[in-house]
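Welcome, and please open your viewer. We will go from stop to stop, selecting a few residues each time.

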Amino acid sequence: MRVREAHQDPTQRVRLDLAYDGSAYHGWAAQPGLRTVEGTLREGLATLFRREVPLVVAGRTDAGVHARGQVVHLDLSDAEYSGLGRGRGITPDQALVRRLAGVLHREHGAVVVFSAAAVPPSFDARFSALSRSYRYRIADAPALQDPLRRWDTAWHRTPLDAEAMRLEAASAAGLQDFGSFCRPRERSTTIRELHGFNIGREPQGVIVAELTADAFCHHMVRALIGACLDVGEGRRAPGWLSSRLAEPSWDQSVRLAQPAGLVLESVQYPAPEQLGHRAEQTRALRRSAEQT
């Protein structure tokens, strides 16, 4: 397919809300020779608009991690956007959802764009976000291991102490350096504000962990859950997570929970009039952290 250059016409920013089965992909980020969520979505958009359409995502997910409430933004020329619904009797946003469903049909439901909306240019899927929320499900007994939910539930071989895990998770909340639970990246801060980290059993017995933070750095969610699993198994004494936070340094003692049970549930944004301010505030904080 021949791909043309992007127009320099006035643009319309568009927000896409999507879900995907992470087990079908090697993570979010496009990688040469690998099937990824970003690569798949960009291929679909290139088919529609005959050009490469860059995407900005709220939060990258690891290989095997799912999303129920992922958010991206993209920019279309005014002509591209207005032409989507022309002659169809529907809005451009409705037309984009339908047309993406058509080009993504070969994915057999592994990626579903369920909403599109024109947004102001101040909206930034990544930097305007107030927080991201994840959920992790664990079945720690054969009777709880439902094959029909194998894709979004981690199967654990031995029983876990859910109460010990709950107490361990609660100790991590707040603004602090999560360097022990984030794989380091050059010129990137590991300081995050964990708004909530709750673990408990559902009535049917499955353990569910719920985490919300302003943002999560690389491997942070899976590493935090891995630390709680260590305590829940009895491999580590209570207080292990707090002791690791006190000395923020990534090392071989870090355990990553398997990706299968992890789902990005939602991304929260401020009111429309606050989008630009939030994006600038987040960028300023990141720049400040990189300079220290």
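Here a cavity is a set of points, on a 1 Å grid over the protein atoms alone, where a 1.4 Å probe fits but cannot get out. Its volume is the space filled by probe spheres set on the points, with grid points joined across faces, edges and corners.

Before we start, note that this is a predicted model, in which local features need pLDDT of at least 70, side-chain atom pairs count only at pLDDT 80 or more, and totals for chains, interfaces and linings use all residues. Residues are numbered from 1 along each chain as its sequence is written, and side-chain values use heavy atoms, leaving out hydrogens and water.

**Stop 1: the cavity.** The whole structure holds 1 cavity of 30 Å³ or more. The largest cavity has about 50 Å³ of space. Select Phe181, Ala223, Gly226, Ala227, Asp230, Trp240, Arg244, Ser253, Val254 and Arg255 to see its lining; lining residues have an atom within 4 Å of a point.

**Stop 2: the two domains.** Now colour 11-127 as domain 1 and 131-267 as domain 2; these bounds come from an automatic or database domain assignment. Their centres, taken over C-alpha atoms, lie 29 Å apart.

**Stop 3: where they meet.** Here 16 residues of domain 1 contact 15 residues of domain 2, contact meaning heavy atoms within 4.5 Å. The two domains bury about 1,200 Å² between them, 48% of it from carbon and sulfur atoms. Buried area is the accessible area (1.4 Å probe) that two parts lose on being put together, summed over both. Select Asp62, His66 and Arg68: they give 46% of what domain 1 buries against domain 2, more than any other three residues.

Note on methods: 1 Å grid on protein atoms, 1.4 Å probe; cavity = no way out; pocket = protein on both sides within 12 Å on 5 of 7 lines; lining within 4 Å.
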